[in-house]
Amino acid sequence: MFHNSKFKFLSVKLLKQLCSIHAPSGNETQMTEFLLQYIYDEQRSWKAKPVIYHGKGFQNCIVLVFGKPRTAIYAHIDNIGFTVRYQNQLVKIGGPKTQQGYFLTGNDSLGEITCCLLVDEEHGNLTYDYEREIDRGTDLSFKMNFREDENFIQSCYLDNRLGVWNALQLCKTLEDGAICFSCWEEHGGGSANYLARFLYEKYDVTQSLISDITWITEGVTHGKGVVVSMRDSGIPRRVYVNRIIEILQDKKIPFQLEVESSGGSDGNEIQRSPYPIDWCFVGAPEDFVHSPDEKVHKKDIESMLNAYKVLMQEL
């Protein structure tokens, strides 16, 4: 159970590590290297040893294949952030919240950086306050402030470090399935398309689950379970979504249904691919989306992990 002290020590420690890694879209190398080292170190204790695909042909992505996969899990490893332009200007990476005073971190040719975000409310211009000019092209992420209490975890980049954490937990017991650690999702996607092609052509995988984080809305609340998205800007095939709902109901996993007109995920990239691959977004909801203060209920994290365990067995 999520509230077990041993579970917290082992798993929240890993989640905090993941949230601290600098990996804005297009510059996921640090996260890729961390994940590869983690996988090579931990796989000896997993129930099944995966085939590991990375490097040439996969860019910064990683694919793990366990046994005879029927379903693939997609968890994007990149985060939102900012790129340094000219004259102290910043350009968004993805859709970060912009509030005066947010602390940003990164590295350039002169070393580590911690600067302050400045917002021109009248014109919408973004700049930074720092003791010197930062190298143009440097990418910056929110400075992490990881918080935990009895019910919630709060930090920058729970979207999607929590989806990555979920996938890594599943590695311990997964016997048949694939896990794709994808890139660029926050700034337009692209990698899920070629990862789906690879798994379809080599392993005939035609089902996928999107291990990502959605938002709290008037219809989705904290503590009511993992969210199964019936649609966002993309529309998954209803027969596949219904099958997922049936499995979760049968296994008595608490979940919520989401219906949105906007937003998207790696599922949209899979839907646009020229391959007959079903997809569905299944993930915990968070508040304060795309800010340094993203907040997720522990019950929803537990529900998410349990949902994936049964779905990977039953689908």
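The exercises below concern strands and aromatic rings in a predicted model.

**Exercise 1.** Find which strands pair with strand 15, and in which sense.

*Solution.* Start with strand 15 itself, residues 226-231; five of its six residues are buried. Next, look at strand 16 (residues 255-259): strand 15 pairs with strand 16 in the parallel sense, over five bridges. In this pairing, valine 228 stands opposite leucine 257. Then turn to strand 17 (residues 278-283), where the pairing with strand 15 is antiparallel and has two bridges. Here glycine 283 is the bridge partner of valine 227. Finally, follow the chain through helix 5 (residues 238-250): strand 15, this helix and strand 16 make a right-handed β-α-β unit.

**Exercise 2.** Classify the aromatic pair of tryptophan 46 and phenylalanine 66, and decide whether each residue is buried or exposed.

*Solution.* A pair of aromatic rings is described by the distance of the centres and the angle of the planes. The model has ten aromatic pairs. For tryptophan 46 and phenylalanine 66, the centres are 6.2 Å apart and the planes make 45 degrees, so the pair is tilted. Tryptophan 46 lies in the loop between helix 2 and strand 1, while phenylalanine 66 is in strand 2, 20 residues apart. Buried means under 20% relative accessible area. Tryptophan 46 has 7%, so it is buried; phenylalanine 66 has 0%, so it is buried too.

**Exercise 3.** Classify the aromatic pair of phenylalanine 82 and phenylalanine 142.

*Solution.* The centres lie 6.0 Å apart, with 75 degrees between the planes, and the pair is edge-to-face. Phenylalanine 82 belongs to strand 4 and phenylalanine 142 to strand 9, 60 residues apart. Both residues are buried.

Note on methods: Residues are numbered from 1 along each chain as its sequence is written. This is a predicted model: local features need pLDDT of at least 70, side-chain atom pairs count only at pLDDT 80 or more; totals for chains, interfaces and linings use all residues. Side-chain values use heavy atoms; hydrogens and water are left out. Buried means under 20% relative accessible area, exposed over 50%, partly exposed in between (1.4 Å probe, protein chains only). Helices (H or I, at least four residues) and strands (E, at least two) are DSSP runs, numbered from the N terminus. Two strands pair if DSSP finds at least two bridges between them. A crossover is right-handed if, with the strands pointing away from the viewer, the path from the first strand over the helix to the second runs clockwise. Rings of Phe, Tyr and Trp (its six-membered ring) pair if their centres lie within 6.5 Å; planes under 30 degrees apart count as stacked, over 60 as edge-to-face and the rest as tilted.
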